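Have the viewer ready, and try each task before you read its solution.

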Amino acid sequence: MRRILAVAEYIFKQNFRNKILNVLIIFAILSIGFSLLISELAKEVEIRMTKDFGLFSISIFAFLTLVLSLTIQLFEETELKTISMVIVKPITRAEFIIGKFFGIILTIFMNILFMFIILMVVIKIRGGDPWDLKLFLSVAGTFLSLSILTSVALFLSVITTSIPGCIIFLFFTYILGHLTVHLKNLQYKITNQLVYKIIDILYIMVPNLELFNLKDKIHTNFSLFTFDYILLIISYSIIYILIMLILTVIIFNKKEF
Amino acid sequence: MNVIEAKNVTKIYKPLDFWKKEKIVAIRNINLEIKKGEVFGLLGLNGAGKTTLMKIFLGLLKPTSGTVRIFNDTIENRKIRERIGYMSELPYFPKYLKAYEILDYFADLFNIDPKIKKDKINEVLEIVRLSGRQNFKIKAFSKGMQGRLGLAQALLNDPEILFLDEPMSGFDPLGYKETRDIIIELNKKGKTIFFNSHILSEVEKVCDRVGVLHRKEIIDVQPIDQILKKHKNLEDYFINIINDEKVKK
């Protein structure tokens, strides 16, 4: 356990000391500030737009945090070969992967938290209710989907041989993760059996990120903000993450450096 | 007593792309024994397979055939890895972290008791002559200082065997001397040291025995004092033996 925490802490420190992530936070502040400007233009829906724009910015910047964190890690491990000095230590490869997972999601969590606090302040300034439970659950949904994507990113990092390849596949997963549910809904119109099967495979294999997309529904009466639904998406993310981490460890154990 | 034993070790790299069939033989039928307490230098031209052999000893690469025993056990055993130290060639550390933070991380990986961790870190910093620099960020470190920090992390667990991959690579002449002095001091404390190097003048000053890896095979292993009886220096021996091999081939 101590070794897992050590890896997580090291990765978190490394990410947070890195100026790329600082720039990212500045961008997040600017984009949320920009939402103030937009809401000035549309008086009647200003709070609603502030919330929408803020939540959208949080989800995009959280994803970019993952991409940058992964790029930094992979660059140092593969190009600068830092991994060999770690792997020869008395740490199992499973401990290393789990530590890395927690290090990255801790970075994402802190970034989301920082951006969310700013959004709450902006909402308060615009006269809205920053303590709206739907708002909290929407951000929690974004964090859960990013945790899943982190596990996918680690898996991709051990099966691909190049950093750009890994990042491109991660972007595909992000896009497909939001699309598969829509494809599934359209499947009944498809007559080609091959395409039908491909959609089935994608639906099972690619994480269903739309499950966590609560931010688009905060102004609707969908019954997504219930205890049962939240429990469902938490269970889904835990199972998906576990499967991805187990597969990652199996492949990582066979890897040579 | 042998602390490292390699028997018939061969490593063949498979092509990275699945459509390619060409395999690359990195090392072939390596038999080598390293005795407790000795400083062993592995010599060879670029691409001879020195780093491959060291990586196999460390478990970073798996041999295609043959066996490696460290302390008569396998490197996969965590207990064995607790007894070794390793420094890679031109070690790199994140430039925004402080030297102390890096050593603190490695100390945790070694599971060093938190009560003695600080003292241990200060001790290794003193050995590598970086005392007083623990709160400096890596971006303020020269290449030589980063190299010494690399050595410091390898010493945290008080290892019985030290594996050093090109420990003087990128150093200036003063860096050579400092690294050489550190190796000699560590050896006096009973540590076994196995290292690869191109800098023959330094190898000659610190090693008890050397092995020459050429064209994927170990072609000679000899004590330094015997070499120096027949040759004017290690460089002379190395060039002769490589040229002899060329003639044979």
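**Exercise 1. How many salt bridges does the rule find across the interface of chain A and chain B?**

Step 1. Apply the rule: a side-chain nitrogen of Lys or Arg within 4 Å of a carboxyl oxygen of Asp or Glu. It finds 6 salt bridges between chain A and chain B.

Step 2. Look at one of them: A:Arg2 pairs with B:Asp108, with the closest N and O atoms 2.6 Å apart.

Step 3. Keep the ground rules in mind. This is a predicted model, where local features need pLDDT of at least 70, side-chain atom pairs count only at pLDDT 80 or more, and totals for chains, interfaces and linings use all residues. Residues are numbered from 1 along each chain as its sequence is written, chains are lettered from A and ligands numbered from 1 in the order written, and side-chain values use heavy atoms, without hydrogens and water.

**Exercise 2. Find how many residues each chain brings to the contact, and what area is buried.**

Step 1. Counting heavy atoms within 4.5 Å as contact, chain A gives 30 residues and chain B gives 34 residues.

Step 2. Buried area is the accessible area (1.4 Å probe) that two parts lose on being put together, summed over both. Here that comes to about 3,200 Å², with 57% from carbon and sulfur atoms.

Step 3. On the chain A side, A:Arg2, A:Tyr10 and A:Met85 lose the most area to chain B, together 24% of what that side buries.
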